[in-house]
Amino acid sequence: MKENFSVEDFQWMQLAFEQAEIAANSQEVPVGAVIVSEHKLLGVGRNQLITSHDPTAHAEILAIQDACKNIQNYRLPKDAVLYVTLEPCTMCVGALIHARISKVIFATPEPKAGALMSARALLDEGYYNHKFDFQCGCMGQECSTQLSNFFKMRREHKKLERKQ
């Protein structure tokens with residue numbers, strides 16, 4: 001896992017960050033994702049668990065669904081890259097394996113549920129029929145701050161509700 005990122009990496013992560021901001025404005029945990037192939041946007045997603053009443057509506061899953069719908073195939077192109085603002089969970093890593101993603105670039109680790117390097121390293125288990133490369137840290141500070149601010153605001157809101 002190397003930590004050098006291209007200008008294009010930052011541009012795509014910025015788009016994922018903007019998707020996360022849309023999620024936050026809907027009171028969803030601010031996670032955004034985009035899938036790119038041949039320098040073109042294939043799919044976008046943002047957390048929509050609460051608004052869609054769907055526990056599987058993670059940003060990564062919705063980006064995969066959008067990309068696959070747009071290319072009319074359940075497998076992504078061989079060069080497809082996912083940019084996501086938070087390290088994927090177990091469910092999302094499984095979906096990325098099945099979709100045959102080539103690479104994942106995520107902004108910030110998820111110490112409790114991250115399934116690439118934090119809580120687990122699922123790709124190191126040796127029993128998956130597909131592996132992909134991943135990098136962490138592109139816009140890491142911005143995305144980490146976005147998440148921290150969201151949860152801080154959520155805690156303050158709950159505190160005010162209890163006082164009323």
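Contact here means heavy atoms within 4.5 Å. The legends below describe close-up views of a predicted model.

View 1. Valine 81 belongs to strand β3. The residue counts as buried because its relative accessible area is 13%, where buried means under 20%. Leaving aside residues up to four places away in sequence, valine 81 touches Val34, Ile35, Val36, Ile101, Lys103 and Ile105. Alanine 99 lies 18 residues from valine 81 along the chain, and the C-alpha atoms of the two are separated by 11 Å.

**View 2. The five-stranded sheet.** The strands form an open sheet with mixed pairing, in the order β2-β1-β3-β4-β5. Strands β2 (40-46) and β5 (133-136) have a single partner strand each and stand at the edges, so one side of each is left without a neighbour in the sheet. From one strand to the next, the twist averages 15 degrees. Helix α3 (residues 59-71) packs on the sheet and touches β1, β2 and β3. The direction of α3 makes about 140 degrees with that of β2.

**View 3. Strand β1 between its two partners.** Strand β1 (residues 32-37) pairs with β3 in the antiparallel sense over four bridges. The pairing of β1 with β2 is also antiparallel and runs over six bridges. Valine 34 takes part on both sides: its bridge partner in β3 is tyrosine 83, and in β2 it stands opposite valine 44. The hairpin of β1 and β2 has two residues between the strands, and in this hairpin glutamate 38 takes a positive phi near 50 degrees.

**View 4. Helix α1 and its buried face.** Helix α1 (7-25) has 19 residues and reaches 27 Å from its first C-alpha to its last, close to the 27 Å expected at 1.5 Å a residue. Its buried residues are Asp9, Trp12, Met13, Ala16, Phe17, Gln19, Ala20, Ala23 and Ala24. Seen down the axis of α1, these residues fall within an arc of 160 degrees, so they line one face of the helix. An α-helix has 3.6 residues a turn, so residues three or four places apart point the same way. What covers the buried residues of α1 includes β1, β2, β3, β4 and α5. Val7 and Asn25, on the other side of α1, are exposed. Just after the helix, glutamine 27 takes a positive phi of about 70 degrees.

View 5. Helix α5 spans residues 140-163, a run of 24 residues. At 1.5 Å a residue the helix should span 34 Å, and its end C-alpha atoms are 35 Å apart, which agrees. Within α5, Gly140, Cys143, Gln146, Leu147 and Phe150 are buried. The buried residues of α5 pack against α1, β3 (81-86) and β4 (103-108).

View 6. An unreviewed UniProt entry carries the annotation "domain: CMP/dCMP-type deaminase", which covers residues 7-130. In the model, the end C-alpha atoms of residues 7-130 lie 28 Å apart. This span is 37% helix and 20% strand.

Technical notes. Residues numbered from 1 in each chain as written. Predicted model: local features only at pLDDT ≥ 70, side-chain atom pairs only at ≥ 80, totals over all residues. Heavy atoms only, no water. Expected span 1.5 Å × (residues − 1). Buried < 20%, exposed > 50% of the residue type's maximum accessible area, 1.4 Å probe, protein only. UniProt positions renumbered as here; feature names shortened; annotations may be inferred. Pairing = 2+ DSSP bridges. Axes fitted to C-alpha atoms, helices over the stretch in contact; angles between N-to-C directions. Arc of directions from axis to C-beta.
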